[in-house]
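Please open the structure in your viewer and keep the selection tool at hand. This tour visits charged side chains one stop at a time.

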Amino acid sequence: MQLTIDPKVKEAGVSLAYSVIEFKNEAHNEGIWQEILNPLIQKIEEEDTLDSIKENPQILATKKVYRVLGKDPARFRPSSDSLWRRIVQQKGLYQINALVDLNNYFSLKWKLPFGAYDLEKVTDSIHLTVGAPDARYAGIGNKSVNIENLLVLEDGDGPFGSPTSDSTRGMITEETTQALLVGYQFKEDTAVNQAELKSVLETYLTDCRILEQGVI
């Protein structure tokens, strides 16, 4: 796996906490919901507010980078912000599949955008950069996502992921067996605990092996 970051993006303070995994996905894992996700959702519903989200250091740092790169975070919210707001407003979470559900758990836990991508659908050489003028892609749940000036992951076939909304091209399905999991970090101090993330993945994903893990 070759991951690189555009110097302009690096200068803005962005890093990627990544894991390359091999596993057997499943439509639903009850343990994820009962043991870690539902308790976290309940805690957020009881303790957090829209004001506390706005004041959170991770959310503030994320939005600052969006503005520096030329994207309005109020119109194109980071997925972590949207997800957290959804829970505070007691709208619940959609259950998708085991890896996507864990992806949402990590985002809520560390208050950062997380993305998971099927490595059979994207190439091994992946670059984090800024979306070109007028660039768009087919987003999950959206007909078209405006990725101009947005942080984007791209491979030889073009952009496929962002901390706001991922494309359908790299999306995780029940048939996915190898995946790249990325935490988009926006502060100098690393937020994602890689050892804890590894433990959760190995505990809740069937036959999970961590093939590679690091921060760039």
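Begin by selecting D118, a buried residue with a relative accessible area of 3%. The model is predicted, and this value is computed from it. The closest N and O atoms of the salt bridge between D118 and K121 are 3.9 Å apart. The cut-off for a salt bridge is 4 Å, so this pair is counted. In general, side chains of opposite charge can pair when their charged atoms come close.

Next, select helix α2, which covers residues 30–47. Display the side chains of K43 and E47, which meet in a salt bridge with an N to O distance of 3.0 Å. Why are these two separated by about one helical turn? They are four residues apart in helix α2, and therefore about one turn lies between them. K43 is partly exposed, at 45% relative accessible area.

Move on to helix α7, residues 194–204. Here K198 and E202 are also four residues apart, about one turn of the helix. Their side chains form a salt bridge, 3.0 Å from N to O. E202 is partly exposed, with a relative accessibility of 37%, and K198 is partly exposed as well, at 31%.

Finally, select K63, R77, D81 and R85 together; a network of salt bridges links these four residues. How many salt bridges does a search of the whole structure find? The search finds nine.

Note on methods:
Residues are numbered from 1 along each chain as its sequence is written. This is a predicted model: local features need pLDDT of at least 70, side-chain atom pairs count only at pLDDT 80 or more; totals for chains, interfaces and linings use all residues. Side-chain values use heavy atoms; hydrogens and water are left out. Buried means under 20% relative accessible area, exposed over 50%, partly exposed in between (1.4 Å probe, protein chains only).
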